[in-house]
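Keep the view open while you read.

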Amino acid sequence: MEEGTAFGRASGFQARPGAARRRLRPAWREVWERHAPALAVLGNACCLGAAALAGWRGASGLLLTALFAGAYVAGGALSLVQGVRSLVSERRIDVDLLMVMAALSAAFIGEPFEGGVLLFLFSLSNALQHYSLDRTHRAVADLIAARPAEALRKNEDGTLERVPLEELKPGDVIVVRPGEQVPIDGVIVRGASSLTEASITGESVPVDKTVGDRVYAGTLNELGALEVRVTKPAADTVLAKIIRLVEEARRQQAPTQRLIDRIEQYYVLAVLSLTVLAALVPIALGADPGAAVYRAITLMVVASPCAVAMSVPAPVVAAIANGARSGVLFKGGAHIENLAQVTTVAFDKTGTLTEGRPRLTDVVAAPGIDEREVLALAAAVESRSEHPLATAVLDAARAAGVVVPEASDTRAWPGRGVVARVDDDAAEAWVGNRRLVAEMTGDDCTELDVAAERLEAEGKTIMFVGRGSRVLGVLATRDELRPGVAEAVAQLRRQGVRRIVVLSGDNRRVAEAIGRQAGVDEVYAELLPDEKAALVARWRQNGEVVAMVGDGVNDAPALATATVGIAMGAAGTDVALETADVVLMANDFGKLSHAIALSRRTKAVISQNLAFSLGVIAVLAALVLARGLALALGVVGHEGSTVLVVFNSLRLLLGTHRGGDGSAPVDTAGLSVLR
């Protein structure tokens, strides 16, 4: 879907009449594309029925010819157009062209009614596939419909004006009344309410929001009126990105599908060659030409790979739709297949296994230094950082009423800490771990090591604070394990994941304490981002299928190196939406289990579809060659298998998701998709 289709509907609030007329054409085209397969079936059926009645009443040959011609045009025109397009643009013969050729061949040997029945069943199969998959595609349409076309903007003079979303820009303030959808991403500047964020996270339980909290386009304001400051243009909202990602994922092929596409053309050419041989060889041996050609045409029909062609894309699209409704975004069928085979799951610690909202618990100053001075210096250095530890320091400084000095030339040292210039002092101030201490002081031992080790033994994360080459103090924070983590780790083991590890840049004692609480197998601590990626790469070289679960920012190298990179709690993280292969929109470990279970069900359905469709082809082809088979029966068996493959795939829309707290299963696939 083009971006203009998804997001351009809001621009018609003040559109000119000419623009309105231009918008009618795509609407009519959409209606035609949606109902053309059904109209083809109806036209074909009416002409065939009329031809049967006319033949029974002894009508003239001219009338019968006209009725059969109408049946062939109605039932075969769409397939012929598609087949010729593939032949001309892609230089390939597809199933549509095979079916049209088979029907015309039946008419050529004097069996126009059976050729018409072939086109009827083939067009009926296409229509059923079309409407079945349309149910899946509605998941994207539901996401698009979740965003209003207009917003109530609050002007500088206090008046309210309803404007199209495209006119909003960052910094504008809008009003969202109770019961209304939030039209665009922003931050609450006034008011408090509960919002249902199911369209973003897949969770139906309302979330309490107040001043300073983020809100997202497409979510529902349940209670109080809100004033929201716009932070992103309409085309860059989280919902807009979700829609684009789902659309892109639907267009990407799974490895199995790519394999089928590579061999399909050879298979089709083989079917055509076998059809010719099945006609010519018996004729050369003295068989009746009409019977030989009839059998060859039947063989062409039953051997066509219609069901095989639908065996992979149908379940993949259904799984992507299920995930989108559940707050799980797959960026393509390849990642679904890879996730189904995962043997090792690696977790980042901070913000993934833990809440990501640490609080400052201790401030220990070096002899002769005031604790408030240490806290003020640390807050200044961290003032421009968005890291959770920085937030904890700043919150503690505000709560203590500490005056935070100005900082400039702030630089992040990945895996070590932050360095800045405070109060224009020549000596740089810094906050970080022991690696940074060693680099700034030239010695990894400090006079505060005893205090630091005591705090680490309590499971706290410590940060050293210093200026120049002197350590001035140490800060300690505690970040609690997320609810449901231990249950989620146990569930992963039940799902067959053999190895579960933690990769952390934090101190070993702290990381191991979290690892014990979570129940993982191994803990790797004090790692830089590139060291995490190196570990993942080594495991993959040893034949393991690795899923890396992180926040999509500091863990970007490891996410990119893993077989499947999974970003967790990414509703407000642009980097996570861009870098990961699978995105879990909420911080719910139940969604990880759901994603793996859905991937494995999808792989199982693909295997079932391929085995069934290939089995039907083999049986029908054997019957045609060994005993002969009526063309109509061959079509019923062949097209029936295609429809069953599609319906089997649609079962993936009905998945359930168990909450990370171990609660009972709740349907998050969105039964509205099937309405």
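1. Start with a term. Two strands pair if DSSP finds at least two bridges between them. Keep in mind, too, that this is a predicted model. Three strands form an open sheet in the order 6-5-8, and the pairing is antiparallel. Strand 6 (207–209) and strand 8 (220–221) stand at the edges. Each has a single partner strand, so one side of each is left without a neighbour in the sheet.

2. Stay with that sheet for its bridges. Strand 5 covers residues 193–196 and is joined to strand 6 by three bridges. The two strands run antiparallel. For one example, find S193: its bridge partner in strand 6 is K209. As background, strands of a sheet pair through backbone hydrogen bonds, either parallel or antiparallel.

3. Now step back to the whole chain. It has 675 residues, and buried residues make up 51% of them. The secondary structure comes to 24 helices and 22 strands. Take the contacts between residues at least 6 apart in sequence: 67% of these join residues at least 24 apart.

4. Next, a hairpin. Strand 13 (residues 407–413) pairs with strand 14 (residues 417–422) in the antiparallel sense, over five bridges. A412 stands opposite V418 in strand 14. Three residues lie between the strands of this hairpin, and G415 takes a positive phi near 75 degrees there.

5. D409 counts as partly exposed because its relative accessibility is 42%.

6. E526 belongs beside that point. The phi of E526 is near 55 degrees, again a positive value in a residue other than glycine. E526 lies in the loop between strand 19 (522–524) and helix 20 (529–541). With a relative accessible area of 38%, E526 is partly exposed.

7. Is R499 buried or exposed? It is buried, with a relative accessible area of 17%; the cut-off for buried is under 20%. R499 lies in strand 18 (residues 499–503). Leave aside its neighbours within four places in sequence, and R499 is in contact with T343, T344, V345, D521, E522, Y524, W539 and E544.

8. Turn to helix packing. The axes of helix 9 (residues 289–303) and helix 24 (residues 631–650) come within 9 Å and cross at roughly 5 degrees. Helix 9 is therefore roughly parallel to helix 24, as angles under 35 degrees count as roughly parallel. From helix 9, the contact uses Y294, I297, T298, V301 and V302; from helix 24, it uses L631, G634, V635 and H638. By class, that gives six nonpolar, three polar and no charged residues.

9. M101 and V301 are 200 residues apart in sequence, but 9.6 Å apart in space, C-alpha to C-alpha. M101 is found in helix 4 (residues 95–108). Its relative accessibility is 32%, so M101 counts as partly exposed.

10. How do helix 14 and helix 15 lie to each other? They are oblique. Helix 14 (residues 371–382) and helix 15 (residues 388–400) have axes that come within 9 Å and cross at roughly 130 degrees. Helix 14 passes helix 15 in a left-handed crossing. On the helix 14 side, the contact is made by R372, L375, A378, A379 and E382. On the helix 15 side are A390, V393, L394, A396, A397 and A400. The contact has nine nonpolar, no polar and two charged residues.

11. One last pair. Helix 18 (residues 485–494) packs with helix 23 (residues 589–626) at an angle of about 15 degrees, with their axes 9 Å apart. The two are therefore roughly parallel to each other. Helix 18 passes helix 23 in a left-handed crossing. V485, A488, Q491 and L492 of helix 18 meet F589, L592, S593 and I596 of helix 23 in this contact. By class, the contact has six nonpolar, two polar and no charged residues.

Key. Residues are numbered from 1 along each chain as its sequence is written. This is a predicted model: local features need pLDDT of at least 70, side-chain atom pairs count only at pLDDT 80 or more; totals for chains, interfaces and linings use all residues. Side-chain values use heavy atoms; hydrogens and water are left out. Helices (H or I, at least four residues) and strands (E, at least two) are DSSP runs, numbered from the N terminus. Axes are lines fitted to C-alpha atoms, for helices over the stretch in contact, and angles run from 0 to 180 degrees between N-to-C directions. Angles under 35 degrees count as roughly parallel, over 145 as roughly antiparallel, 65 to 115 as roughly perpendicular and the rest as oblique. Contact means heavy atoms within 4.5 Å. Ala, Val, Leu, Ile, Met, Phe, Trp, Tyr, Cys and Pro count as nonpolar, Asp, Glu, Lys and Arg as charged, and the others, Gly among them, as polar. A crossing is left-handed if the near helix is turned anticlockwise from the far one by less than a right angle, and right-handed if clockwise. Buried means under 20% relative accessible area, exposed over 50%, partly exposed in between (1.4 Å probe, protein chains only).
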